[in-house]
Amino acid sequence: MENLEELLHQRLAPAFASVAGAPVDPVIRRSQRAHFQSDAALALVRNIGGNPRDIATQVVKAAHLDDLCSSVEVSGPGFINLTIADQALGQLLTQASSDERLGVPQTETPERITVDYSAPNAAKEMHVGHLRSTIIGDAAVRLLEWQGHTVIRQNHIGEWGTPFGMLVEHLLDIGESEAAHELSVGDLNGFYQAARRKFDTDETFKDRARKRVVLLQSGDETTLRLWRTLVDESKTYFMTVYALLSVRLTEGDFVGESAYNDQLQSVVDELDDRGLLRESEGALCVFPEGYTNRSGDPLPIIVRKGDGGYGYGATDLATIRHRLRNLHATRLLYVVGLPQSQHLDMIHAAARDAGWLAPPARAEHVGHGSILGDDGKMLRTRAGASVKLVDLLEEAVNKAAAVIAVKNPRLDEETRAAVARAVGIGAVKYADLSTDRLKDYIFDYDRMLAFEGNTAPYLQYARARICSIFRRSGVQPPRGVEELVIAEPAERALALELLAFGSLLTEVAETLEFHKLATFLYSLASAFTTFYEKCPVLRAEGDIRQSRLVLCDLTARALGLGLSLLGIESPDQM
């Protein structure tokens, strides 16, 4: 929907410029004293002198606001209070109603954006630790694609290195078909742990595993075939988890560490040519400026180890070079936990030093905290193991099914199952995304599945309730209405919330702070609840009834769109 703050900016900026003799940001924000407030006159005194109230008065006289505002007042030391006219609200909402995108335009500066997220390890279980990266990354993909950017999903799975020696040997011990079965049904933990036990207790097996690593890295065809079996079966299982979680990752988005094997030597050569490599204890390293350990010694990125093998730093450098040089990305997002912050900062610094990462391209660490249990520690099973992601999600769906069965027993079995899945998975996602991603949060089924408060079920139910207004009355949502009547305080409050949607989405696309989108959706649903209580819809008549039906429709569409950008389904009935 058209951005009211931007409209006010367009009207006030020329007026401030005419008074100041230079461009001025009007600094517009929401206000409790009016709909909006401009504070710029106070700061302008430092540049041009005078009294801020006098400056504000001159700006108001010079601004063309008659068609947009019903009241423009100078208050306090020099604030400009702006109240939007009911007619202007109605006209803006009318435009939004007839637009599929609710009046929110696509970006004028589309980019190629890579989003690195999820990244499980082959032959290891996806656990709760993968949840945040997968959910936040999926929301970023959805929002940026909706904005009109070209988004390239990158699922940088771990599927190379020394552990695969023991895993291939274990595969040979139990037989290829049995191994494939264990992995395909999701017993990745059991497979990995059995291999690890033999590696730790059986010297003969350990020796075989080490020799197998050499064969793998030298390109032995039989070993590579067995390794591919491990990786392919793991991918098949990961896709079942992604399907349950309803994220957009596909098989084509898997880009494992091994994809960069043939690029590692050229990375070494380029870094060497630029004079960035230094030898340290036999290894070739890059030392980005400004990074030191606790003793104050420079911190290295190990590019090539003393034995000639490559460190994972080399793979990460090959990855960022590939995304810049081959994928032509101008914005590179890494949705990775906060503990990786320093490592990623060093990789980005090294890429800048190498001349790969240069404006307009920029790399961003979209960091996130952890998921905790009731005890405030990392969420684990009673036995102390990591919680399997599939188990966590299925439990959420089962609990949602029990709630839905009580809340609406009239739903048929198929609809109830679909609603339970939407509510259960949506609750898990929203609990994550509604939390500042930099913070940890406690995983609590009861809180996230509640139908009251800032939860997905509350928002889903709010939208379903609006859908029921049209379904029960047999009325089609009105689109293309010529004029909207806004007269009641609850109508104005809802209109202002709706018209804030566009600027909010623009902000979130830049900051990737999805809790702000969640907060907006909750405020919108709350404003609608007040509107619905204060303003009869179906019992109203004429233009007022039509206008209130438009407000209902716009709210349902905004809630549905906002939830879908978070990766959450919103059923029409619950």
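User: Is cysteine 285 buried or exposed?

Analyst: Happy to start there. This is a predicted model, where local features need pLDDT of at least 70, side-chain atom pairs count only at pLDDT 80 or more, and totals for chains, interfaces and linings use all residues. Residues are numbered from 1 along each chain as its sequence is written, and side-chain values use heavy atoms, with hydrogens and water left out. Buried means under 20% relative accessible area, exposed over 50%, and partly exposed in between (1.4 Å probe, protein chains only); cysteine 285 has 2%, so the answer is buried.

User: How many disulfides does the structure hold?

Analyst: A disulfide is a pair of cysteine sulfur atoms within 2.5 Å. Take cysteine 552, which is buried at 0% relative accessibility: the closest cysteine sulfur, in cysteine 535, is 9.7 Å from its own sulfur, so that is too far for a bond. For the structure, the number of disulfides is zero.

User: How do the axes of helix 20 and helix 21 run, roughly parallel or roughly antiparallel?

Analyst: Helices (H or I, at least four residues) and strands (E, at least two) are DSSP runs, numbered from the N terminus. Axes are lines fitted to C-alpha atoms, for helices over the stretch in contact, with angles from 0 to 180 degrees between N-to-C directions; those of helix 20 (residues 514-534) and helix 21 (residues 542-565) come within 10 Å and cross at roughly 155°. Angles under 35 degrees count as roughly parallel, over 145 as roughly antiparallel, 65 to 115 as roughly perpendicular and the rest as oblique. The two helices are therefore roughly antiparallel.

User: In what order do the four strands of the open sheet lie?

Analyst: Two strands pair if DSSP finds at least two bridges between them. Strand 1 (28-30) and strand 3 (69-75) are the edge strands, each pairing on one side only. Three bridges join strand 1 to strand 2 (residues 36-38), with arginine 29 opposite glutamine 37. The pairing is antiparallel and the order is 1-2-4-3.

User: Where is methionine 126 found, and is this residue buried or exposed?

Analyst: Methionine 126 is in the loop between strand 5 (112-116) and helix 5 (131-147). Leaving aside neighbours within four places in sequence, its contacts include Ser118, Thr134, Phe238 and Lys388. With 0% relative accessibility, methionine 126 is buried.

User: What is the phi of alanine 123, and what about alanine 119?

Analyst: Most residues other than glycine have a negative phi. Both alanine 119 and alanine 123 are found in the loop between strand 5 and helix 5. Alanine 119 is partly exposed at 26% relative accessibility, whereas alanine 123 is buried at 0%. Phi is positive in each: about 65° for alanine 123 and near 50° for alanine 119.

User: Which residues does the cis peptide bond with omega of about 10° join?

Analyst: Most peptide bonds are trans. The cis bond joins proline 359 and proline 360.

User: What share of the protein chain's residues count as buried?

Analyst: The protein chain has 21 helices and 13 strands, and its C-alpha trace spans about 85 × 65 × 40 Å along the principal axes. Of its 574 residues, the buried share is 53%.

Definitions and conventions: Contact means heavy atoms within 4.5 Å.
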